[in-house]
Amino acid sequence: IFGNRMKTKKPVRPVEKPASFSLRPWHVVVGALAALVILIEVYGPALHGLFVFDDEYLPFYSYDLGTKPLSVVVQGVRPLLMITFWLNHRLSRLEPYSYHLLNVLLHFGGGFLVFLISLKFLEWAGVENGRRQILAAFAGGVFLLHPVQTESVAYVASRSENLSVLLCYAAFAVFLYRREKAASWATTACILVLFAAAASTKEHTVVLPALLLLTDFYWNPGFSFEGIRKNWRLYATMSVAGAAGVLFVWNVLRSARTAGFGMEGLTWNEYFYTQWRALWVYFRLFLFPAGQKGDYDYPFSRTPLDHGAIVGLIGLLVLVGLAFRFRKRFPLASYGFFAALVLFAPTSSIVPIQDAVAERRIYLPMIGLILVVLELLRRWKIPSARLAGVLAGVLLVLGFLTYQRNKVWAGPIPFWENVLAGSPDNSRAHFQIGLAYYQEGRCEAAVSHYARSEKLGRIEHRLFVDWALAEDCLGHPEQALAHLERAAGMRPTAHVYALIGMIHAKQGHNEQALAALNQAERLDPAHDMTYAYRGNILLLDGDAVGAAAQYRRALELNPNNEAARNGLARARSASQKAP
């Protein structure tokens with residue numbers, strides 16, 4: 001009946017899924033170059049800034065570092081670090097730009113390694129190719145542009161931080177990207193060399209073996225000890241290296257003044273209680289980087305109840321329990337949390353350190369915190385293109401905040417003004433900003449801050465030496481001498497007695513001046529300013545020949561002594577004019 005009216009159904013064509021985006025080598029190269037340009041712009045204020053905080057007290061600030069043979073430079077406890085400072089010194093002496101630029105380049109290398117490391121973990125977590133590349137790029141961007149990283153990059157003294165972490169992450173990347181489940185002898189050797197280089201640059205990286213063990217347990221093949229057993233050759237050799245590393249660190253801590261179990265006024269358990277709270281400061285700074293400080297002046301907990309330390313411990317134990325309970329459901333977050341705790345351990349456990357909190361201590365554990373965030377992002381059910389746009393917006397905000405933070409690190413005065421804005425009773429900040437004001441010729445402001453620092457409890461020889469110089473700048477010799485006498489009572493050094501001699505000489509008290517300079521020479525015959533000040537006195541007394549001899553002695557000890565060089569020129573001129 002229906003005949004030809006019957007319509008045949010056309011075959012339904014399967015809907016073709018769009019091909020997943022995949023990074024090609026040229027994408028990576030172009031992206032890396034773009035990231036480097038952005039990074040240099042973001043860190044621009046500090047790149048063109050001055051040395052800050054303890055930069056001027058480090059070995060690289062020595063006038064003759066670049067003239068020393070490399071064989072002498074590498075004899076210290078951190079040879080690779082000193083090589084980088086030696087190269088900077090030979091390139092630009094004490095001009096800060098090259099020092100800052102190298103820090104930024106090392107940081108860039110660390111960010112690229114975070115990209116590679118995150119890419120591998122996202123692959124193991126089963127994230128599809130295009131999406132995992134977006135997330136890995138975001139991870140590298142967070143490492144590069146997070147404002148909490150500023151201290152580790154803009155602060156030249158933190159070169160030990162970003163160089164050691166670069167080497168540590170490189171060893172970790174070699175471990176992750178090995179071709180076989182059981183590391184070969186060649187892979188083991190490569191990891192060991194990088195591990196030794198990292199640990200000798202800064203001691204906190206000695207925890208790398210613990211991170212590798214955790215990784216094998218979680219991912220090789222997954223929540224078992226099989227991978228650890230297969231990697232016996234790696235862990236056997238690392239245990240020997242690790243024992244040597246622990247012995248090395250122990251020796252360093254025994255002689256260190258600002259860390260270790262011999263610190264006066266701080267026990268290991270008091271520091272441990274404090275870190276129950278400090279870890280929450282780090283977590284908060286990672287998630288919400290507001291209220292950053294270059295010097296936290298964080299109070300110590302002398303008992304588990306002091307400052308609510310026990311509450312911090314309970315919170316940490318809750319997180320540990322949740323991370324273990326949901327380790328299979330949220331493997332990236334669980335692993336990342338435990339990895340962060342492992343990497344925080346050297347500075348946030350039982351080894352006392354003078355400063356309870358410092359932002360640079362987040363630099364090494366940053367990879368663990370990033371993996372926790374990646375766990376959440378990989379489960380966000382939005383199209384990859386939209387995800388990329390949102391994450392790019394987040395990086396833009398982070399970059400802006402880091403740029404603003406770098407303005408703070410551009411010089412001593414903005415740095416310490418920022419610290420005092422958040423901690424007006426920070427005695428160290430008052431001392432340091434006093435020094436910065438003095439160096440700018442703002443001596444009255446310097447004296448005010450030195451007095452405030454003393455009132456807040458900072459009683460040390462350096463404070464009274466610098467305070468004396470500021471009083472001398474204001475034309476107050478009696479106050480200056482009183483401060484120097486106080487400094488000499490605490491720590492009698494050639495520098496203190498040379499300054500006493502200098503101030504007496506300005507007042508025409510040559511007998512007292514020469515007596516103080518003689519004492520300075522007895523304490524340290526190599527202190528060059530002793531001879532420069534003595535030359536000034538002799539020149540004023542009309543003894544140009546004797547003055548010239550003193551100036552030459554000062555220049556033998558320090559060829560860059562500008563005062564001695566100028567004095568010698570005056571002495572020669574006076575000799576020529578003499579009848």
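A crossing is left-handed if the near helix is turned anticlockwise from the far one by less than a right angle, and right-handed if clockwise. Before you click, note that this is a predicted model, where local features need pLDDT of at least 70, side-chain atom pairs count only at pLDDT 80 or more, and totals for chains, interfaces and linings use all residues. Residues are numbered from 1 along each chain as its sequence is written, and side-chain values use heavy atoms, with hydrogens and water left out.

Select helix α4 (residues 79–92) and helix α8 (residues 159–176): they pack at about 120°, axes 10 Å apart. That makes α4 oblique to α8 (under 35 degrees is roughly parallel, over 145 roughly antiparallel, 65 to 115 roughly perpendicular, the rest oblique). α4 crosses α8 in a right-handed way.

Now show side chains. In contact (heavy atoms within 4.5 Å) are L80, L81, T84, F85 and N88 from α4, with R159, S160, L163 and L167 from α8.

Next, pick T201, in helix α9 (residues 185–201). Is T201 buried or exposed? T201 counts as buried because its relative accessibility is 0% (buried is under 20%, exposed over 50%, partly exposed in between, with a 1.4 Å probe and protein chains only). Beyond neighbours within four places in sequence, T201 touches R78, L80, L81, S160, L163, S164 and L167.

Last stop: Y335. Leaving out residues up to four places away in sequence, Y335 touches F121, F172, L211, L214, T215, Y218, W219 and L371.

Terms used
Axes are lines fitted to C-alpha atoms, for helices over the stretch in contact, and angles run from 0 to 180 degrees between N-to-C directions. Helices (H or I, at least four residues) and strands (E, at least two) are DSSP runs, numbered from the N terminus.
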